[in-house]
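Open the model in your viewer and keep the selection tool ready. We will go from stop to stop.

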Amino acid sequence: IWLAENRFESLHRKEINQLCSKIVEKGKLHVFFDDVDKVPLPDDIILVGCKEDADFIVTRDVSSEKEKICVFPKELYLGIGCKRGTALSIIEDAINTFFRENGLHLNMIRSIGTIDLKIDEEGILEFAEKHGLKICFFSRKSINDVENAGFSQFVFETLGVNGVAEQASILAASRSESKGKLLFEKWKYQSVTLAISKSRDI
């Protein structure tokens with residue numbers, strides 16, 4: 001329940017079963033937060049200061065699975081821009097490559113952000129449906145209001161906005177009281193541009 005409430009995901013169901021067995025056997029579990037914002041813990045989950053003492057790790061680093069049972073925060077907001085008519089296969093290749101190169105997993109995506117001109121972009125819609133993800137569409141005004149984000153002359157001349165990927169990811173991650181934090185700057189793969197942000201309050 002604690003994992004679900006805090007949107008932590010495991011890549012493998014068997015690992016959740018292992019944790020359930022351990023907590024039944026020992027009455028408690030030890031957790032280490034690896035460069036991830038801490039959240040309140042129930043009485044039967046104890047915070048420890050190093051990986052070696054932990055029963056499981058909360059991390060963004062997929063490679064940590066080699067050391068311990070890991071759960072991953074579902075905290076990433078993926079901003080995406082693409083040329084009109086970009087196929088799902090290219091969008092998938094782009095996202096998979098981007099995440100793999102940064103040691104991330106698709107299970108960490110909480111939602112997708114893009115410009116409202118892409119509301120009928122089949123490749124983006126198909127990707128979101130395939131992975132059960134919500135898409136947030138933002139107006140050109142909202143996108144141009146985002147400060148300290150990348151600028152593309154081509155995108156400005158084509159769509160009338162400073163950029164799409166970074167701005168949309170920041171907007172998707174933003175809350176009324178705080179602006180989203182850009183984690184990975186825009187990255188281009190063929191006709192697709194991607195960026196990743198997170199909420200500051202997670």
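How many aromatic pairs does a search of the whole structure find? The search finds eight aromatic pairs. Rings of Phe, Tyr and Trp (its six-membered ring) pair if their centres lie within 6.5 Å; planes under 30 degrees apart are stacked, over 60 edge-to-face, and the rest tilted.

A word before the stops. This is a predicted model, where local features need pLDDT of at least 70 and side-chain atom pairs count only at pLDDT 80 or more, while totals for chains, interfaces and linings use all residues. Residues are numbered from 1 along each chain as its sequence is written, and side-chain values use heavy atoms, leaving out hydrogens and water.

**Stop 1: aromatic rings**

Select Phe-8 and Phe-33. Their ring centres are 6.5 Å apart and their planes stand at 65°, so the pair is edge-to-face. Phe-8 sits in strand β1 (residues 8-9) and Phe-33 in strand β2 (residues 29-34), 25 residues apart. Strands are DSSP runs of E, at least two residues; helices are runs of H or I, at least four; both are numbered from the N terminus. Phe-8 and Phe-33 are both buried. Buried means under 20% relative accessible area, exposed over 50%, and partly exposed in between (1.4 Å probe, protein chains only).

Now select Phe-98, Phe-99, Phe-184, Trp-187 and Tyr-189. They form one aromatic cluster.

**Stop 2: two helices**

Show helix α3 (residues 88-101) and helix α4 (residues 122-131). They pack at an angle of about 60°, with their axes 8 Å apart. Axes are lines fitted to C-alpha atoms, for helices over the stretch in contact; angles run from 0 to 180 degrees between N-to-C directions. Residues making the contact (heavy atoms within 4.5 Å) include Leu-88 and Ile-91 of α3 and Ile-124 and Phe-127 of α4.

Select Glu-92 and Lys-130. They form a salt bridge, with the closest N and O atoms 2.7 Å apart. A salt bridge is a side-chain nitrogen of Lys or Arg within 4 Å of a carboxyl oxygen of Asp or Glu. Glu-92 is buried at 15% relative accessible area, whereas Lys-130 is exposed at 55%.

**Stop 3: a charged network**

Select Glu-121. Which residue with 52% relative accessible area is exposed? That is Arg-84, and Glu-121 forms a salt bridge with Arg-84 at 3.3 Å between the closest N and O atoms. Glu-121 is buried, at 2%. Shared partners join Arg-84, Lys-118, Asp-120 and Glu-121 into one network of salt bridges.
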